[in-house]
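Hi there,

Here is the structure I promised to pass on. Have a look at it first, and my notes follow below.

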Amino acid sequence: MSELQIEEATLEEAVAELSTLHDWLRWTTSQFASSGIFFGHGTDNAWDEAVNLLLPALSLPIDAPKELMHARLTSTEKNSLAGLIAERINDFTPVPYLTNIAWFANMPFYVDERVLIPRSPFAELINNRFTPWLEEPESVKRILDLCTGSGCIAIALAQAFENAQVDAVDISYEALEVADINITDYQLSERVLPIQSDVFSGVPGQTYDLIIANPPYVDAEDMADLPREFHHEPELGLASGHDGLDVTRTILSEASKHLTANGLLFVEVGNSMVHMDALYPGAPFEWVEFEQGGLGVFVISKQQLDTYFADK
């Protein structure tokens, strides 16, 4: 589909002629559908994209009552919405960066261009407290969230495991600033600790019952083909070498010494899972099958790591 810019005259016409929230949602949906923008940062269609932009921009909940659809907007509100719609279409800016809101595990988080927009299937695993792999969730006392970004995974983990301390590490100081905003918003500063760390460098000698890793995993070929929306995200959080597994190599080589005796490591590698068999032939990775969609997450225990790498 060809990319179409939205012209100033079109926006001026909308501000002049559209009155209600319903008018604006309908018109915005039509503009998004015909513009050729990419959906994939929280929505997969033009209507949901319009809802997720317009309602938060008006300080309204996504599930606002239908009666509000007939509410008239002020000129100030309409001009503000027109500016956001233009930025979404003409600059390819993802909606969560325009509203500073992204959802993960049914919870809202602050995001900006210092961090990736959450879209990990880890939410399903966290909601299920990692069953069936984790037999005694109550026994989990320490968790490490590698490459925490906005802190959404770490915070969801802290909510799911109320007795656990969570270390949220990232190589990026800017990302940790965003994580700290979210940790503070959820009043979890006593249990979720943001730490600057290049993989395990910032947690020497520390061991964990669970290590959750959502590292950069986009390979060079996929980086070259990414839609423009992804170029608003920090490349540091996406790219990971030719095969997308540079950071994963480090995680797998060092994880064992940071796991307790019965510890488990979960790693998301996305589409780069296609390179894993060649890199680690015969490795006992168990690939998670998700009910709600998603792929490219494996689990491996400390014992399995020790056995496999002892033979290398």
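In what order do the seven strands of the open sheet come? Keep in mind that this is a predicted model. The order is S5-S4-S3-S6-S7-S9-S8, and the pairing is mixed. At the edges sit strand S5 (192-196) and strand S8 (286-287), each of which pairs on one side only.

S8 runs antiparallel to strand S9 (residues 297-301), and two bridges join them. If you want to find the spot by residue, look for Trp287, whose bridge partner in S9 is Phe298.

Now for a pair of helices. Helix H2 (residues 21-35) packs with helix H3 (residues 46-57) at an angle of about 130 degrees, and their axes are 8 Å apart. Because of that angle, H2 counts as oblique to H3. The crossing of H2 past H3 is right-handed.

Here is who makes the contact:

- From H2: Leu21, Trp24, Leu25, Arg26, Thr28, Thr29, Phe32 and Ala33.
- From H3: Ala46, Trp47, Glu49, Ala50, Val51, Leu53, Leu54 and Leu55.

By type, the residues in this contact between H2 and H3 are twelve nonpolar, two polar and two charged.

Technical notes:
Residues numbered from 1 in each chain as written. Predicted model: local features only at pLDDT ≥ 70, side-chain atom pairs only at ≥ 80, totals over all residues. Heavy atoms only, no water. Pairing = 2+ DSSP bridges. Helix = DSSP H or I, 4+ residues; strand = E, 2+ residues; numbered from the N terminus. Axes fitted to C-alpha atoms, helices over the stretch in contact; angles between N-to-C directions. Parallel < 35°, antiparallel > 145°, perpendicular 65-115°, else oblique. Left-handed = near helix turned anticlockwise from the far one by under 90°. Contact = heavy atoms within 4.5 Å. Nonpolar A, V, L, I, M, F, W, Y, C, P; charged D, E, K, R; others polar.
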